[in-house]
Amino acid sequence: MDRNQKFPTTITDLDEDSLAHCASFLKRHDIFNLASTCKYLQQVANSDSIWQRLFRERWQHQLPPLGSSLASGGARNAYFARLSDLQLCKFEDPLVASILTQPEPYGPMLLDTDNIFVSQGSSIQMVTITKNVSRDFSLATLNDHNARITCMRSFPLYETSFLRSEGQRSGNFLVTSSSDHSIRLWWKGYCQKCFRGHNGPVSILSDKLLGDGNGKLLASGGEDGTVRLWSLSSSGKRGKSALKVTLHGHEKPIKLMSVAGHKTSLLVSIARDSKVRVWDVTSTIRSSCCVGLTSLPGGPINLKCHESLVYVATTSSVVAIDLRTMQKVLTAATYQPFLYSFEMIPSKSLLCTGGSGSAKLWDIRRNQDDLKPKPIAELDGHSGPVSFLHMDPYKVVTGCPNDVYVHVWEVDSGTPVNSLSCWFNAYTEGSTTLSSMAVDGCRIATASYAGDIGLLRYIDYTNALRPIGRAMRNPLCTFVSSSKPLLPSKLS
């Protein structure tokens with residue numbers, strides 16, 4: 001430090017251009033951290049040079065905004081505007097792959113970073129996603145289960161230590177349950193472990209792993225009415241020592257399960273008779289594991305945990321229950337005559353319900369004091385029950401078994417954005433069944449069948465360039481051209 005200086009030199013004494021050059025070597029999440037430190041560094045983090053570089057890295061085939069195009073708000077705004085448009089599928093030239101499969105009903109479906117997983121009976125079709133997936137792909141059939149697959153989940157490898165090598169910590173592993181009474185853990189297309197213990201079909205798996213650290217547990221619910229907890233770090237492929245606890249209390253088959261948002265040791269389960277139980281897996285005495293009990297009218301459809309609340313959708317309504325008191329806090333939505341699906345975005349206090357021919361968008365904040373809540377928008381355009389529903393911070397995606405189109409809507413307003421075909425352009429109305437759907441960001445996968453044809457369709461907007469015209473933005477148009485399907489002879 002110079003003796004003539006009263007204070008030491010700090011990073012904020014550097015000029016903005018120099019700091020922006022240094023920051024240009026950071027990743028996007030580091031840029032966010034830099035912006036949260038102080039106003040001066042926030043100004044640096046918002047520099048056009050940084051966001052033009054991030055733009056080029058993410059979308060190599062798209063020119064970043066330059067010159068006069070930055071006048072509307074800078075490269076940062078242009079970056080997030082394009083990101084939002086991609087998430088909303090506001091383009092007419094996505095990558096589309098159509099893959100022929102066996103003409104059988106599909107079951108649960110997952111869209112992972114590198115793979116599409118979809119079940120058909122006791123088998124799992126695993127499609128490996130590549131940059132040229134529209135022209136070539138790899139498809140493998142996983143046949144270890146002996147009966148219908150009932151549920152599929154994907155969890156990060158770093159959350160568990162069931163693989164011995166510490167170097168194998170990136171990516172996700174797949175967990176499946178089946179009517180053959182077993183649970184299987186998969187990695188890279190191979191079954192790594194098999195858990196057995198239920199006295200009947202395994203109907204559901206927990207949406208998250210329970211607990212903290214390396215000792216996390218997987219929860220399963222069965223037709224035998226029991227909830228079972230499994231250690232993923234147990235040795236042995238057959239998982240003989242994996243079963244840690246069997247929880248009794250439900251009198252009917254388990255239908256749904258979810259891990260509490262405010263405490264990862266709490267598990268919420270609901271049986272077919274709509275009786276809800278809350279279990280504390282840290283309890284050492286099995287009889288005291290159940291720490292909450294209530295019941296609801298109507299059949300269970302779905303449930304979601306957020307902080308200390310659980311939102312439970314039955315055939316006629318969505319109610320919020322406080323897990324600390326097991327008292328109903330509010331009725332978030334009511335539905336007549338029947339509710340088929342339910343999803344929510346807690347960060348926006350929004351939820352969506354699927355009914356007959358349409359879905360409805362609800363704002364929890366507006367309805368928290370109303371005995372008869374009202375939707376903020378109705379998402380109309382389907383010809384039957386909206387059984388397939390996805391929600392994320394950008395959009396709602398709806399699908400119906402009787403309709404070969406899935407519709408995309410803006411999540412905040414319910415404004416229609418796009419409609420995507422799940423089948424060939426030439427089809428017979430009513431002859432095709434949409435059987436499964438999965439969404440991950442700006443990627444959508446669907447599975448449909450008709451007659452002697454089964455079709456997996458993968459739509460990826462990551463590198464789309466041509467925005468759809470305003471005149472075309474209505475829920476009855478399709479903007480995805482039908483690509484030539486890849487025949488089974490090209491399977492590897």
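Visitor: Is glutamate 307 buried or exposed here, and what counts as which?
Guide: Glutamate 307 counts as exposed, at 51% relative accessibility, where exposed means over 50% relative accessible area, buried under 20% and partly exposed in between, with a 1.4 Å probe and protein chains only. Keep in mind that this is a predicted model, in which local features need pLDDT of at least 70 and side-chain atom pairs count only at pLDDT 80 or more, while totals for chains, interfaces and linings use all residues. Residues are numbered from 1 along each chain as its sequence is written, and side-chain values use heavy atoms, with hydrogens and water left out.

Visitor: Where does glutamate 307 sit, and what is its phi?
Guide: Glutamate 307 lies in the loop between strand 18 (300-306) and strand 19 (309-314), strands being DSSP runs of E with at least two residues and helices runs of H or I with at least four, numbered from the N terminus. Its phi is positive, about 55 degrees, although glutamate 307 is not a glycine.

Visitor: And methionine 326, what is its phi, and is it buried or exposed?
Guide: Methionine 326 has a positive phi near 60 degrees and is likewise a residue other than glycine, but methionine 326 is buried, with a relative accessible area of 11%. Its place is in the loop between strand 20 (317-322) and strand 21 (327-334).

Visitor: New topic: how many residues are in the largest nonpolar core?
Guide: The largest nonpolar core has 37 residues, and those with the most contacts inside it include Ile31, Trp51 and Tyr461. Such a core is a set of buried Ala, Val, Leu, Ile, Met, Phe, Trp, Tyr and Cys residues joined through side-chain atoms within 4.5 Å. Among the elements that each supply at least two residues of this core are helix 1 (16-23), helix 5 (74-87) and strand 30 (433-440). A second, separate core of 31 residues includes Cys151 and Val245.

Visitor: Why would nonpolar side chains be together?
Guide: In soluble globular proteins, nonpolar side chains tend to be buried together.

Visitor: What about 247-283?
Guide: Residues 247-283 are 0% helix and 51% strand, and the end C-alpha atoms of this span lie 11 Å apart.
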